[in-house]
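Trainee: Could you show me how to read contacts and cores in a model like this one?

Mentor: Gladly, let's look together.

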Amino acid sequence: MDFGQFISYIAQGTVLTIGVTLIALPSGLLIGTLLALLYVYGGKAASRIMNLYSTIFRGIPPVVLLFILFFAVSKGINLSAFWAGSLSLGVVSSAYQMEIVRGALLSVSGDQLMAARAVGLSRLHAIRYVVLPQAVRLAIPPWSNEAAIVIKDSSLVYALGVPEILRRAQLIGASSQKYLLAYLSAAVIYFLLVLLTTRLLNHLENKLAIPSNP
Amino acid sequence: MKKRFLLVVALALVAAMLVACATESTSVLDKIQKAKKVSVGTSADYPPYEYLDDAGNKTGFDIELMEEIAKRMGVELEWVDMPFDSLVAAVAGGKLDMSISCFNYDEERDKTVDFSEAYYTTEDAFVVSGAFTGTITEPEDAANYKVGVQSGTVQDGWLTDNLVTPGLLPEANLSRYERVDQAALDLANGRIEVLMGDYVPVQALVAQNPDLQIVYRGVLSTGPINIVLPDGDVELKTEVDRIIKELQAEGFIDALAVKYFSE
C-alpha cells in the first residue's frame with residue numbers, strides 16, 4: 001500500500017465528518033437560540049427548566065448520549081448510525097450553544113430594552129430588532145470555539161461504525177500496521193478543517209462588526 | 001484474543017434491558033430469510049481474522065468464513081463495520097443480526113447475547129529444532145531459553161505477561177518477528193531455541209521443515225472463538241451451529257486456518 005492510497009483512503013471520511021458537523025452544529029444553534037431566548041425572557045419557570053436542560057446535557061458525555069440514542073431510542077424510530085450520531089451531537093451542542101447565546105443576550109445592557117420599549121417597540125420587536133442583532137455579534141467568537149469542538153467531537157460517531165476520518169484511520173492503520181502514520185494523517189485533516197472554519201468565522205466577525213463601535 | 005473493558009459490558013446490559021421490554025417472539029432467522037439479507041458486524045482492524053486488503057476490501061479468516069455461512073443460508077451478506085467494543089451492544093440492541101470478530105466466550109457477554117458453537121479453537125505450540133538439547137514440559141520452561149514469537153500476536157502477549165513481566169524471561173532473550181515464518185527460519189539457524197505460535201500455522205511450518213518439531217501443545221493465550229448471536233434466539237443459533245459443524249466436517253475451516261494463519 002503506497003502513501004497516496006493511504007491518505008486518500010482516510011480523506012474519504014472527510015465528507016462524513018463534515019456531514020455530521022453540518023447537521024449537529026446548525027441543529028444545536030437552532031435549539032440553543034430558542035432555548036436561550038426562553039431562558040432569558042421566558043420568566044422564572046422557563047429559566048428553571050432551561051437551567052435543568054443545560055445541566056443535564058452538559059453533564060452527559062456525548063458518547064454516552066450517542067449510545068443511548070442509537071441503541072435504545074432508535075428501537076422505535078429506526079435511525080441510522082449517521083443520523084443518531086449527528087443528532088445526539090446536536091443535542092449536546094445545543095446546551096452549550098444555549099449558554100453562549102444566553103451570555104450574549106445578557107451582555108446587551110437591559111437599559112436598551114427599556115429604551116426600545118419607551119420609543120414604542122413591542123417587547124418582541126425590541127428583542128428581535130435591538131437586542132438580538134447585537135447579541136449575535138457578541139456570540140460569534142465563543143461560537144467559533146463551539147464549532148471547532150463539534151468538528152472534533154464528530155469523530156465520536158466512529159463508535160457507531162460511521163466510517164469517518166478516525167474510523168478509517170484505525171482500519172488502515174490495522175491492515176498496514178502503520179498506526180502512527182494513520183493517526184497523523186487524521187490529525188492533519190482535522191486540523192485543516194478546524195483552521196478553515198475558525199478563519200471563516202473570523203472573517204464573518206469582522207464583516208459583521210458595527211463600524212462605529214470598534 | 002480480544003476482551004475489552006467493563007464499559008462495553010455495561011452499555012450492552014443497558015441496551016439489552018431497554019430492548020427486553022420490546023422484544024418480539026419471532027426469530028431473527030425469519031427476518032433474515034424474508035429480507036434475503038443478513039447484516040453482520042465486524043471490526044475490520046484485527047488481522048489476520050478481519051482486516052482490509054490493499055484495495056480496501058474486507059478480508060481475513062472470519063470474513064471468508066462468514067461469507068460461506070451466508071452463502072449456505074442462501075442470503076446476501078451485508079457487512080457493518082463497527083469498533084469491537086460496540087459489536088455486542090449492537091447485536092443485543094437488534095441493530096445487527098450477528099457479529100463475527102474473533103469473540104471469545106465470556107460470561108458477562110453471555111448475559112446479553114448468545115454464542116454460536118465455537119467455529120475454531122486456537123491452540124498454542126512450542127517448536128524446537130533437532131539441535132535442541134533442553135526440555136520443555138511446562139510452558140514456563142520456555143523462560144530458560146531464547147524465545148521467538150510473531151510480534152503483536154496473543155502468543156506475544158502471553159510471553160510478555162507471563163514470562164517477561166514477572167522477570168522469568170529476560171527481555172533480551174525474546175525476539176519478536178514480523179512474521180512467524182521468519183521466526184521459524186531463525187529457529188532452524190539456531191538464533192533462537194524455542195518458537196511459540198498458533199498451533200495450526202506452526203504445524204504447517206513443521207510439515208515443511210522436518211528438522212523442526214512441536215514439543216508442547218495446549219491452550220495458553222487462546223481458546224474457542226464464536227459468533228455472537230441475539231439472546232435467546234434458538235432458531236438462528238440452530239441454523240448457524242448446523243452450518244459451522246458442516247464446515248468443520250468438510251475441512252473448510254481448517255483450510256481457512258492454514259490460508260490465513262500460516263503466512
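Trainee: What does Val147(B) touch, not counting residues up to four places away in sequence?

Mentor: Two residues are in contact if their C-beta atoms, placed from the backbone, lie within 7 Å. On that basis, Val147(B) touches Ala142(B), Leu159(B), Leu169(B), Asn173(B), Leu174(B), Ile192(B), Val194(B) and Met196(B). This is a predicted model, where local features need pLDDT of at least 70, side-chain atom pairs count only at pLDDT 80 or more, and totals for chains, interfaces and linings use all residues. Residues are numbered from 1 along each chain as its sequence is written, and chains are lettered from A in the order in which they are written.

Trainee: Which residues touch the most other members of the largest nonpolar core?

Mentor: A nonpolar core is a set of buried Ala, Val, Leu, Ile, Met, Phe, Trp, Tyr and Cys residues joined through C-beta atoms within 7 Å; buried means 20 or more other C-beta atoms within 10 Å of a residue's own. Here the core has 123 residues, and Leu66(A), Val157(A), Leu160(A), Val91(B), Val147(B) and Val228(B) touch the most other members. Helix α5 (residues 81-107) of chain A gives the largest share, 13 residues; helices are DSSP runs of H or I, at least four residues, and strands are runs of E, at least two.

Trainee: How many helices and strands does chain A have?

Mentor: Chain A has 9 helices and 0 strands. Of its 214 residues, 38% are buried.

Note on methods: Buried ≥ 20, exposed ≤ 12 C-beta atoms within 10 Å, placed from the backbone.
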